[in-house]
Amino acid sequence: MRKTGFFWDEKCFWHSGGNYAGNLPVGGLVQPLAAGGLPENPETKRRLKNLMDVTGLTGALDARTAPEADRETLSRVHPAAFLDEFQRTSDAGGGELGLRTPFGQGGYEIAALSAGLSVGALEAVLKGEVDNAYALSRPPGHHCLPDFPNGFCLLANLAIAIRNAQAKGLAKRFVVLDWDVHHGNGTEAIFIDDADVLTISIHQERNYPIDTGDADVRGDGAGQGANMNIPLPPGGGHATYLEAMERLVLPAIRAHEPEVIVIANGYDAALIDPLSCMLATADTFRQMTRMVVELADELCAGRLMMAHEGGYSEVYVPFCGHAVLEEMSGVNIQAPDPLAETYAARQPNQKAEAFFSSQLTELADFFDVK
């Protein structure tokens, strides 16, 4: 059993989006939805916390909050002009600064709190206060560029946490593994020339953003070779994710020799998710988590931190998240997946699995991973 920090705050559930129907702005021929709002709504994360409370898992973790990330901390990633505009717009009642990133009044402070949860979680791991930690960050962060919020992401939560840790001398070498179904373009852009931060993104090819995430983007300058994109064809499923981890991700992390492993943890590769065409299950996330927990034990004294990113099924995200936190903590408090049998039956057949495996062989040859 490990001491696992769980960083969350009720105020993050109060982040509000604008007048959207799914991920489309309402207007013209796009009608408002009965439920309203973006797919990135509080219920997926709130229901994860509720499930943890009901099973007793919350009580077995070191549950706490953290302060908002202050201006100095945010400025290690985001320029002053962007932060000023974000604050002004938030104070004036809210709006939208980037692409699919609406927010209401107080949105700046909530986004700074979301970033602060990631900052606090990573600091707690690196200072030895906990063995590993999970930040229930909302709004998410992995699409946010330094000066352009994007794809529901208003501040670059994990990048802010890493730059803070580097500035404080808590660690130098990091791995960011992003298994959200969408490409981690913001994290990639921020660390593209940093040889000390290996960024790896496993994502559905050409999902979002549609023009990023290609395998041939390997880094720039001193960071050449420190970026790995693993674009998967739609429908890859459970076996493909585990094979990608074993053949590509784990060897790359071992070669980098990080002091801590950081995960951008989205659950939107799940079979039921409205924004993807992948076929992952709660057991997929459980087994990937088990792999990185064991690898962290092997490489960096168990130091592992996760931040919650996407995942838009209010019904299924809680079971995926519970499985991840069971593995992180080693606590024997379970929330069995009620869709496990159905989703196992919907996995690709042997012919399809052979196709996906051939795609991974091509990527392994390209990355020269043995």
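A salt bridge here is a side-chain nitrogen of Lys or Arg within 4 Å of a carboxyl oxygen of Asp or Glu. With that in hand, welcome to this predicted model, where local features need pLDDT of at least 70, side-chain atom pairs count only at pLDDT 80 or more, and totals for chains, interfaces and linings use all residues. Residues are numbered from 1 along each chain as its sequence is written, and side-chain values use heavy atoms, leaving out hydrogens and water.

**The sheet**
- Strands β8 (residues 174-178) and β11 (residues 260-265) run parallel and are joined by five bridges.
- In this pairing, phenylalanine 174 sits opposite valine 260 of β11.

**Salt bridges**
- The model holds 21 salt bridges.
- Arginine 286 and glutamate 327 meet through their side chains at 3.1 Å, N to O.
- That pair connects helix α9 with helix α10 across 41 residues; a helix is a DSSP run of H or I with at least four residues.
- Arginine 286 also bridges to glutamate 326, with the closest N and O atoms 3.2 Å apart.
- Arg286, Arg290, Glu326 and Glu327 belong to one salt-bridge network.

**Burial**
- Arginine 286 and glutamate 327 are both buried, meaning under 20% relative accessible area, with exposed over 50% and partly exposed in between (1.4 Å probe, protein chains only).
- Glutamate 326 is buried too, at 7%.

Conventions:
Two strands pair if DSSP finds at least two bridges between them. Helices (H or I, at least four residues) and strands (E, at least two) are DSSP runs, numbered from the N terminus.
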